[in-house]
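This briefing goes with the sequence and structure shown below. It goes from the whole chain to single residues, grouped by topic.

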Amino acid sequence: MAAEAFGVVTRAARDSAGDGPAVGSGSGDYLPGSTCSWQITTSGFPILYFDSFDLADGDVVKVYDGNTASARMIGAYDGATVPPALQASSTAGLFVVFQSN
């Protein structure tokens with residue numbers, strides 16, 4: 001059975017330490033065939049940072065330059081290499097989709 005999750009992350013500014021929110025972090029398990037998505041918006045041009053990255057074979061994270069998956073895809077990332085910092089080109093934000101096989 002496939003699972004789906006959706007989240008909206010809104011942040012007006014960085015906190016005093018310069019840290020952003022930790023979204024989707026943790027080591028929880030997920031089901032095969034899962035799809036999770038997050039819409040990331042701020043008052044400016046959001047930047048997405050990954051502190052760590054380790055996906056199972058066949059799983060992928062796709063990042064879009066806008067507020068839906070129909071926006072221009074910035075990149076698709078798999079494996080264990082941490083993606084670079086990804087910045088939106090507009091205030092529409094970023095849309096992130098995780099898919100497991």
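**Surface and overall make-up**

The protein chain exposes about 6,200 Å², and carbon and sulfur atoms supply 52% of that area. The model is a predicted one. Of the 101 residues in the protein chain, 32% count as buried.

**Secondary structure and contacts**

- The protein chain has zero helices and seven strands.
- Read from the N terminus, the order of elements is β-β-β-β-β-β-β.
- Among contacts in the protein chain with a separation of 6 or more, 74% are between residues 24 or more positions apart.

**Nonpolar core**

- The largest nonpolar core has 13 residues, and those touching the most other members are L48, V61, V63, L94 and V96.
- At least two residues of this core come from each of β2 (35–42), β4 (60–64) and β7 (94–99).
- β7 gives the largest share of the core, with three residues.

**Aromatic pair**

- One aromatic pair is present in the structure.
- The partners are F50 and F53, in an edge-to-face arrangement with 5.2 Å from centre to centre and 85° between the planes.
- The arrangement counts as edge-to-face because planes over 60 degrees apart fall in that class.
- F53 has 8% relative accessibility and therefore counts as buried, the cut-off for buried being under 20%.

**Salt bridge**

- The structure contains one salt bridge.
- D65 and R72 form a salt bridge in which the closest N and O atoms are 3.1 Å apart.
- This distance qualifies because the cut-off for a salt bridge is within 4 Å.
- In general, side chains of opposite charge can pair when their charged atoms come close.
- D65 has a relative accessible area of 10%, so D65 is buried.
- R72 has a relative accessible area of 53%, so R72 is exposed.

**The loop residue S43**

- S43 sits in the loop that lies between β2 and β3 (47–48).
- With 60% relative accessibility, S43 counts as exposed, because the cut-off for exposed is over 50%.
- S43 and T91 are 48 residues apart along the chain, and their C-alpha atoms are separated by 6.9 Å.

Notes:
Residues numbered from 1 in each chain as written. Predicted model: local features only at pLDDT ≥ 70, side-chain atom pairs only at ≥ 80, totals over all residues. Heavy atoms only, no water. Phe/Tyr/Trp six-rings, centres within 6.5 Å; stacked < 30°, edge-to-face > 60°. Buried < 20%, exposed > 50% of the residue type's maximum accessible area, 1.4 Å probe, protein only. Core = buried A, V, L, I, M, F, W, Y, C linked by side-chain atoms within 4.5 Å. Helix = DSSP H or I, 4+ residues; strand = E, 2+ residues; numbered from the N terminus. Contact = heavy atoms within 4.5 Å. Areas by Shrake-Rupley, 256 points an atom, 1.4 Å probe, with all protein chains shown as cover. Salt bridge = Lys/Arg side-chain N within 4 Å of Asp/Glu carboxyl O.
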